[in-house]
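Hello,

Here is the structure I promised to pass on. Please open it first, then read my notes below.

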Amino acid sequence: MNPPSDQELIERWRGQPAPLLPLLHAFHDRDGYLSEAALRQVGLALRIPLADLYGTVTFYHHFSRTPGGKSRTRVCDGPICKLHGCDRLMAELGGEPMACSGRCDEPVAVLRGDQVLVGTQASALASHPSLLPPPNPGGLEECCFAHIRESGRATLAGYRRSGGYAAIERCLAGSTPAQLLDLVEHSGLAGRGGAGFPTARKWRAVAAASGAPKTVVCNADEGEPGCFKDRALLDHDPHALIEGMLLAAFATGATRGFIYLRYEYPDTQAILERAIEEARAARLLGAGILGAKFDFELYVRRGAGAYICGEETSLLNSLEGKHPFPRNRPPYPVTHGFEDRPTAVNNVETLVSVPPIVARGAAWYAALGRPGHKGTKIISLSGDVLRPGNYEVPIGFPLRELLHVWAGGPRAGRKIQAVTMAGLSGGFLAGEDLEVTLDEPCLRTKKSFLGAGGVMVFDDSRDMLEVARQAMSFFAHESCGKCFPCRIGTQRLTERLSGEAGPADLQSWETEVHDIGSTMMATSACGLGTAAPAITESLLRYFPERVRARFDAVKR
Ligand SMILES: Cc1cc2nc3c(=O)[nH]c(=O)nc-3n(C[C@H](O)[C@H](O)[C@H](O)COP(=O)(O)O)c2cc1C
Ligand code: SF4
């Protein structure tokens, strides 16, 4: 069959919601790169000035502007793939580096066109479905993972076998949006994407806002290094997400939804599209869902590689075809979100938690947490432990028990030196602070936070200064550049951690590093710039002797 013509591609997407990304992907897939001519066609079709379009396209890491660029080999050089020899593999393959691609449970990840491969040697790279969460070793009750290991779970029949879609059926048969909002509020569910905002409060604000159509956006960008839980949920339980989005739409009055999926999960896109087709065929999506007066259309939109697009307002700009800078707030997405209309942006895990809460009750969910806490959290655990993987733990669970009992502890003869929290955004914990429990109040006392739940483990063979330098270099690379404290600060901190620049005496060096960090925390426009200094601050707190040793070694 002949490849589609330019005009066919344009006609396929013109008039569709959020058309820019899929249209660019259509040209990118067909030609293997984005040519000048393709950009001109897209700009004309969507009425985007060429200069703006050029700026937007080149912002994303994965849109190639040179022939053959799409199929070039990219090798993950995230913190965990670094531990597993990604630099050697990259040299063997002649590949280019890409930021953490969410496969930390089986490093090293390689992307070649739309094929995802994993392995540590060029001769032994394999392509296979993402790993299921390891069995819950504590025998504790789970919410999101309760049925995920059942065979066929990703199909409609498999999902229905364990009561799938009964929650939305029940709501449509007799509940009101207000009752659903009360239920979610009583469950204590809070956002699992990073900021921990109470879900019911967000949904109430969307429900109360004027303006239509309203939108639910699932944030499946999962760009935080060390986080890979959303991929497991999407790959193995896509109908749970669809049902979660239907419930969010019922509660808020939304009639359309988007799943914004990170570029690095091409297999997941196919899984989601299959599940959406199945749901549509069963009248679970579209107009008049299950015969009720309830309409909801759902679309998948694939990102193109940019960590900042996980920030909800960047994500909305990206969906709208604008340059994906974060927006100034207020106004917030709940009143002025997608196309300036009321929008609920929620993380995958947040949405997947809702169907079991409706099915089993708010009190059931709340009681899954340890005393004083409500519910569960998925922790993506990776690095120097024997059994890395996604573990759903009660909120308030001891970190030490997760590391040493559930995940088997470090390799023989090694000790755990440090972990990161919230992927990289929560900085390091080490020493006595490894005794924390996994909940926000406890972690805040250690100047950290749980965030999206990525925990990367480093044993005592690792150089934490080098880990910190790589982390800061990631933030510098991903800083969108909109505000200068972050744009300049992440660069300056990377240079200081590399020993390339800074005052000649240690005390002045430390003072300067603190100054840069506190300015970034106080004045950056979004969470990337306010979180990045946690890396330097925690390095100085836990590893001052390592900093001194490097300092002494660098000739100035
Ligand atoms: C730099 C940055 C990256 C982010 N990346 C993600 C992400 O990949 N996935 C996500 O759900 N939230 C991410 N967030 C948080 C979102 O802005 C937002 O709080 C979240 O999607 C809201 O959903 P929730 O309330 O269900 O957690 C990010 C925030 C920042 C500042
Ligand atoms: S803090 Fe950084 S990532 Fe956020 S808007 Fe400013 S420059 Fe961009």
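Arg47 lies in the loop between helix 3 (36-46) and helix 4 (50-59). Helices here are DSSP runs of H or I with at least four residues, strands are runs of E with at least two, and both are numbered from the N terminus. Phi of Arg47 is near 60 degrees, a positive value in a residue other than glycine. Arg47 is exposed, at 78% relative accessible area. Buried means under 20% relative accessible area, exposed over 50%, and partly exposed in between, with a 1.4 Å probe and protein chains only.

Some ground rules. This is a predicted model, where local features need pLDDT of at least 70, side-chain atom pairs count only at pLDDT 80 or more, and totals for chains, interfaces and linings use all residues. Residues are numbered from 1 along each chain as its sequence is written, chains are lettered from A and ligands numbered from 1 in the order in which they are written, and side-chain values use heavy atoms, with hydrogens and water left out.

Arg283 also has a positive phi of about 60 degrees without being a glycine. Its loop runs between helix 13 and strand 7. Arg283 counts as partly exposed, at 46% relative accessibility.

Next, the cis peptide bonds. One joins Ala212 and Pro213, with omega about -5 degrees. Pro213 is in the loop between helix 10 (199-208) and strand 5. Another joins Pro330 and Pro331, with omega about 0 degrees. Pro331 sits in the loop between helix 14 (312-319) and helix 15 (333-336).

Four strands form an open sheet in the order 7-6-5-8, with parallel pairing. Two strands pair if DSSP finds at least two bridges between them. Strand 7 and strand 8 (343-347) are at the edges with a single partner strand each, so one side of each has no neighbour in the sheet. On average, neighbouring strands of this sheet are turned by 20 degrees against each other, direction ignored. Helix 12 packs on the sheet and touches strand 5 (215-220), strand 6 and strand 7; its direction makes about 145 degrees with that of strand 5. Contact means heavy atoms within 4.5 Å. Axes are lines fitted to C-alpha atoms, for helices over the stretch in contact, and angles run from 0 to 180 degrees between N-to-C directions. Strand 6 (residues 256-261) and strand 7 run parallel and are joined by six bridges. Arg256 has Glu297 in strand 7 as its bridge partner.

Strand 9 (residues 376-383) deserves a look. Eight of its eight residues are buried, so the rest of the structure largely encloses it. Strand 9 runs antiparallel to strand 10 (residues 389-394), with six bridges between them. The two form a hairpin with five residues between them. Leu381 stands opposite Gly389 in strand 10. With strand 15 (residues 454-459), strand 9 pairs in the parallel sense over four bridges. There, Ser382 stands opposite Met456.

What about the nonpolar cores? A core is a set of buried Ala, Val, Leu, Ile, Met, Phe, Trp, Tyr and Cys residues joined through side-chain atoms within 4.5 Å. The largest has 97 residues, and those with the most contacts inside it are Leu381, Leu399, Leu402, Val419, Phe475 and Leu539. Helix 20 (residues 464-478) gives the largest share of this core, eight residues. A second, separate core of 59 residues includes Phe145, Ala200, Ile289 and Val334.

Helix 24 (residues 533-542) has nine of its ten residues buried, so it is largely enclosed by the rest of the structure. Among the elements covering its buried residues are helix 20 and helix 21 (484-498).

Last, the rings. The structure holds 14 aromatic pairs. Rings of Phe, Tyr and Trp (its six-membered ring) pair if their centres lie within 6.5 Å; planes under 30 degrees apart count as stacked, over 60 as edge-to-face and the rest as tilted. Phe250 and Phe294 have ring centres 6.0 Å apart and planes at 90 degrees, so this pair is edge-to-face. Phe250 is in helix 12 (residues 238-252), and Phe294 is 44 residues away in the loop between helix 13 (266-281) and strand 7 (297-302). Phe250 is buried at 11% relative accessible area, and Phe294 is buried at 8%.

Best wishes
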